[in-house]
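Welcome! Here is a short tour for anyone meeting this structure for the first time. Please take a look at the sequence and the model before reading on.

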Amino acid sequence: MSHFAAQLINLFAAVILMLAFAMISQRRILSLIHLYTMQGAALVAATAVVGYVTHQPHLYVSAGLTFLLKVVLIPLLLHRMIERLDVRWDVEALINVPTTMLIGIVLVIFAFNLALPISRLSASIAGGTLGIALACVLLSFLMMIIRSKAVPQVIGFLSMENGLFFAATSATYGMPMVVELGIALDVLVGILILGVFMFQIRERFDSLDIRHLEKLKES
Amino acid sequence: MIPLLFVLGVPLLGSLVLAFTGHRGFARDINVGFSLATFLAACALTVVVISKGPLLALNEEFFIDPLNVFLVALTAFVGLTTSIFSRPYMRVEQDHGKMTPARLRLYHSMYQLFSFTMLAALTTNNMGILWVAMEAATLTTVLLVSVYRTAASLEAAWKYFILCGVGIALALFGTVLLYMAAEKILGAEGGALLWTHLASVKTRLDPNIITLSFAFLFIGYGTKVGLVPLHNWLPDAHAEGPTPVSAVLSGLLLNVAMYALLRCKVLTDGALNNALASQLLMGFGLVSVVVAAFFLSRQKDVKRMFAYSSIEHMGLIAFAFGLGGPIANFAGLLHMTVHSLTKSAIFFTVGHATQKAGTQVMSEIRGLIKVSPTVGWGMILGSLAILGMPPFGVFASEFLILTTAMREQPWATPFLLLALGVAFASVFSRVLPMVFGETSVRPLPHAPALLPVFVHLGLGLMLGLYVPPYLVGWYWQAARMLGG
Amino acid sequence: MSGIAGLSRWVHLDWVLVVVAGWLTIGGLGVLALRRLGWVSKVLFPAGGVFALLLFGVAFGAMFSTPEVAVLPLGLPGLPFHLRLDPLAAFFLMVIGAASAGVSAFAAGYFRKGEGTPPGLLCLEYHVFLASMVLVVLADDAYAFMVVWETMALSSFFLVIANHRIAEIRQAGYLYLLVAHIGAIGILLCFGVLQANTGDYTFANMRAQHLSPFWASVAFLLALFGFGAKAGIVPLHVWLPEAHPAAPSPVSALMSGVMLKTAIYGLLRVTFDLLPAQFWWWGVLLLALGLASALVGVVFAAIQVDMKRLLAYSSIENIGLVFAGIGLAVLFAAFGMKLMAALALTAALYHVASHAFFKSLLFVGTGAVLHATGQRSLGKLGGLIRYMPWVAWLTLVGALASAGLPPLGGFVSEWLLLQSFLFTPGLPSSFLNMLIPVVAALIALVSALSGYTMVKFFGVIFLGQPREENLAQAHRAGPWERAGMVWLALGCVALGLLPVQFIQLIDPVTRQLVAAGLGNVVAASGWLLVPVALERASYGPVIFLLGLAASFALAFMIVRLLYHGRLRRAAPWDCGFPWQNARMQDTAEGFGMPIRQIFEPFFRMQRELPSPFDLEPHYRVVVGDHFWHWLYLPVAAAVEQVSRLIGKLQQGRIAVYLLYSFLTLVGVLILVMR
Amino acid sequence: MSILGVISQLLEIVIALSLAPLLIGWVNQWRAWLQNRSAPGLLQPYRVLHKLFNKESVVAERASPLFRGAPYIVFSCMLLASAIIPTLSTDLPLSPAADAIALVGLFALARVFISLAAMDVGTAFGSMGARREMLIGFLAEPALLMVLFSASLIPKSTSLTTIVETLAHRDLAIYPSLAFAGVAFTMISLAENARIPIDNPTTHLELTMIHEALILEYSGRHLALLEWAASLKLFAYSCLGISLFFPWGVAEAHAPLALMLALPTLLFKLAIGGVLLALLETASAKMRIFRVPEYLGTAFMLAVIGVLVHILLGV
């Protein structure tokens, strides 16, 4: 049973990782948001399964919270935002896709190697997931680096948060409740502030290309 | 217990109140009032801790020991003086039309919220909450930095947000790993993230996980500390925000981040009995000192320059804690104190100076001493103090750090010598003409609040010549707790 | 311990502290009366002078008493300020007290018109400066030493930029404080080595440590760097001729006459007192640096056209001589030749004392001239002996002493120094024996050159015809100024005439440092100065002076008795060219020309020679210092270069910043996962 | 000090005072003969001094007391110098007061004062002369010091009497260092006494004169004193050279007979020296002022080499 569950969790983990890759390669903001939503969904599912296996009710709560936040609220906000700012098309990335993919693969291997010693002695049902979570974090990081517009950067930031959540749930059956709440609050506030910012940036520079934000420098 | 509630409650309440009344004329005074109340509460808390020893409260969610109680007191104090300083400053900004009522509301309310988050971060016993508070502090300061809504301030705030957000996220990963390591021993109940519990079992934590987790925590909180090369947000954020914010950023937030780092270092040292944490701190500290010194030598904007000086000093502090040993730890704590006092004092004078001159470009600020001698003397003395001139306190800690390093890590001293020399040359060559010589600046309608400046400098001077015994007690206990 | 119970039980140290406290109080009073010039100059400065005299007396008493210690409740936790008054300290206290007494008296008359900074503030800085110098000498732990050392630098810096409206003065002050600070860091690291990781910074503990030769040498080199930077040793001297002239004259006097000596003190303290043993190559290094400084100093002094700069360079020269003496002492001490070491050390200390007097005297003299005429450039002075005779004659005393002429103070130290050189053959290393005579020759050359310089200095300022019309209005120096100068001049004369007595004063110091002294030998032969033995060398300044006076009188008698005293005043002979005017006298440049020619390689000259055809020909020569171009500018350029490179790290792109974080993360992960 | 010492001291002073002008006269006579001119009388210098003393002295209006005092100071310096140089006896009460270094200092003192006096009136020539005098001085002084050093290294003493005693009364030893020192000393004393090839004592051609330019403003008794001082200086230098390099016949302490003998010996040696000086002056031509540094630098180097040689051979 738990064996099956473990496989299930590993499956979700794989899905999340795959979505992260998809995000890197994806160019259209709209579909980026969709991918992000899916990732959130997968995360929710994973959390729920873990909760079911380990009989930990507070994981259900956390799953619900995540659902609200990452599957409903944030995607909604993002959709609103891009409609208001009408930035649907985002073609330019700083590095072309294949290269990015290669780097991504290297990162995944690196992450797995890092997590290996830990996974080996991790008592939790799906030890391998930590490596995947780490890989997600690194991939989202990469995405933030290579995207030259504000919105994708933010999405990268959020998916990084997803990776973290996944690590928290899969590796440790979730953080203590109070922490979870705090984190969720922070994320929410953060995304709100980011939204406000993007409007302001937009009205200042009438573009969301963060290459406008390169005035402050040493030279 | 009760004072603790006040320490945390007063600023929270203040932020609520000011969120509505922050634009009124009396808001400035309310701001000061709340800060004063916080400071008094902090003093009470300090007294309690000194008399009764470390304090656990609210089913162990909060923990006050010598290490953080003096930071709490310091934070409350600088918060108070900064609020005093910001009264005339904000009035002038209003006159110049840079602050609309809405922004004033935001500013005042966020100012209180910011001090709340810092105090929470300092007093909490829960590594998770510590992370939450740090993130919250980031968010509030992002709003404070961007309060002018100018292009530059937006850019600065954006960079600040993204870089620190990412950094903090990594710190969260580290925290998760820490929890993962802890729950094997402490069980999945809430206790597993409480620092006191962790510290009690730190030797049994799994080294592999802790190593990985410290790496992430180091990068995460190190970003907030402003260690090179994670520092890039810092000069922008300092230079573009309102000066009171620069003062608290340099004087307090960096300290809090360093505090978080120290808490993690203690656990890590306990878990893996090797010098990993120390080496990381020492290496990054040294790099920060040197690089920041060279950055200093090419600054044109006064606030930016002193921001880099903050990076340099944070590097020095990190180096000191990396050195370890009772003397170096003591020196590091002392340096945290005097740096935040002196640096905030400098920012006060800089704030007045820039308002007088109407620019932050140093080459256009001349002969302050002629227009208002007090500001001029404040700036020159402050700069000399921050550059490590006795008898100011910064020198005391630098003395201890350098002399210890000379025998512990001789290889590092040439770099320190070089860096300190370059820093002195750069900063002093710019401050001197700003203060002396023929003047270009005009007096202001509102008298500047220079009491904070000279109180801070006076305290810095005192710490250079005479450290009160109870303070010494704190420092020594704290140093011991850091595993001296 | 200093018992503060009943004046009877007060020891010398307590009185010294009283002096310090007094000075600080005076400074405070000055701040209270910020702009009341009369009160500050006519009451506070004389009071400071009185305290200086008190200090002089106390230190004199302390020379022969056992070391006294005290602990002030200041400083770091576990490290209060330790103070110690031993012969070495007492000697330098004497110098400080004596010199500053004269300077303070002069200053009372000097600050008549405000010099940018309000007089009250000047008074504060001035007296803090004095107090910090005293404490430097007293300090007995590293922290106290560093604090007062830097306070000294800081207060003198503010004094230097007293007239901060002038950009050059600000620049000079900046350079000064920069070099001082970097040097201070060097000293700090030296203490870091000396405390040998015990965490105990008292000098007592440092004395107890036994350092390995390597660490001892490191400590010595760091100390040499730090104190050399303060003393203005080549190549760290460039700040000195900028900063000393920039200050108000009494301050220049203190800086050149007294503050430089604190650097000497520090070097002696570290080399002989704190370090267990000396190595011979330290001595060679000191000798080489000392001679280089002496030569560079005097050669540059000879070509200066600004009277205060001239004196500043001559300070470099004198400090160089002192260093040479110390180097010789180290050499002897390293080879265990105690008595010779004592001789060399005595010479050095004697020169310290006499330089303190004559250099302060000369500087305040230039101060009086500056006030009377408003001119600093030698090219615009001349003939002042007729308008300000007091200043002229007193300055002459200083000039002769500085030129190292018998029977004045400068000569005695030079004499002792040469004596100690003469006795060197007998060192175990033949290479050193070959080195010594060359060194002696150089020292002789330097002293002769200083004679040249002083003739130029005095002659161009005070003799000849006034080179400007307004000089005729030059007013005489006031009573305070005269009093100060008289005191200092008396010092020069006394040092010249009573070497035996003064060497007996120095004796305890040398006994403390090299465990040998000349006191007994010298005392044995009465008024005659006999360092070793009568048949080896002897010098009797008093007899010398009497001989001169006698033959003077004799000549006078002969002339007046056998002949007459008729005298007729007439116009000077114009060599048949009746249109001679003041401009035809030798200018300062002209007087320096031979030196410029002979020592050409020392200078970096840019000439502007007029072509024979242009109608208003003008000649210009700018003389620069090689060290500036070879050492300082390259360093500055290197820093500039590096910072430009580092600046490229941060060119504003958030993606790049994120990349930094990312790479750092990956790097650290790889690092920790090894 | 013995009574004999006092006597010999006084004797020395008297002899110096009285014979110095004679030496000048002697040298001038020989120069004249060598340049086959008809020579002035041997006593000519005395007549000149007498005449000058009788004249009233004319002083520039601007002149300060320094100007009038300088001749006396210079004169007394030279007198003291010739008093402490052991020519007749090595038992001189005054000589402990000033050793070799002090002797150099004494000459320097005189030089400084005469130069200052020359600058006092403020004529173009006065200051020019002062500069040139000091130029020669700062090169000659260390050289002379080195010469004395190489001599004083032999007995390890700077006291002139000890040196002379050792040189005179130790069984004859050859000191190669003294050879160098001797040459250097000759060159120096030519320069110091304003002799050809450095300076021409008889010239008044403005651009070439050095010593004459210094005393251009002096007249009457002041000039007389200066001339007398100059002759004393020459006398002192000659005596110094003699007692360093040909010291034989100088009386030791408590040897009245030797003292009796010492005087004729000295006179004989002085006579020879004078002739040699005249010869040198006739044989050589005056050099340009700008070549003086090279000349004196050579002397300086020779003297230093002398010292080095002494240490090298370790004699």
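A residue is called buried if 20 or more other C-beta atoms lie within 10 Å of its own, exposed if 12 or fewer, and partly exposed in between, with C-beta atoms placed from the backbone. Strands (E, at least two residues) and helices (H or I, at least four) are DSSP runs, numbered from the N terminus.

β5(C) has a partner in strand β4 of chain C, residues 603-608; the two run antiparallel and are joined by six bridges. Two strands count as paired if DSSP finds at least two bridges between them. Within this pair, V621(C) of β5(C) sits opposite R607(C).

## How to read the model

This is a predicted model, in which local features need pLDDT of at least 70 and side-chain atom pairs count only at pLDDT 80 or more, while totals for chains, interfaces and linings use all residues. Residues are numbered from 1 along each chain as its sequence is written, and chains are lettered from A and ligands numbered from 1 in the order in which they are written.

## Where chains C and D meet

Which of the four pairs of chains in contact shares the most contacts? That is chains C and D. Two residues are in contact if their C-beta atoms, placed from the backbone, lie within 7 Å. Here 66 residues of chain C are in contact with 69 residues of chain D. On the chain C side, α15 (409-422), α16 (430-462), α20 (541-562), β3 (567-570) and α21 (588-598) each supply at least two residues, and α16(C) gives the most, with 15 residues. By class, this side has 45 nonpolar, 14 polar and seven charged residues. Nonpolar means Ala, Val, Leu, Ile, Met, Phe, Trp, Tyr, Cys and Pro, charged means Asp, Glu, Lys and Arg, and the others, Gly among them, are polar.

A strand pairing also links these two chains: β3(C) and strand β1 of chain D, residues 57-60, run parallel and are joined by four bridges. In this pairing, R569(C) stands opposite V59(D) in β1(D).

## Where chains A and B meet

Chain B brings 37 residues into contact with 35 residues of chain A. The elements of chain B that give two or more residues to this side are α5 (127-145), α6 (151-186) and α8 (207-225). Its largest share, 19 residues, comes from α6(B). Sorted by class, the chain B side has 25 nonpolar, four polar and eight charged residues.

Some chains stay apart. Chains A and D have no contact, and their closest C-alpha atoms lie 55 Å apart. Chains B and D do not touch either, with nearest C-alpha atoms 41 Å apart.

## Chain A on its own

What does the secondary structure of chain A come to? The tally is seven helices and zero strands. Its radius of gyration, taken over C-alpha atoms, is 18 Å, close to the 17 Å that the globule rule gives for 219 residues, so chain A is as compact as a globular protein of that length. That rule is 2.2 Å times the number of residues to the power 0.38. Of the 219 residues of chain A, 52% count as buried.
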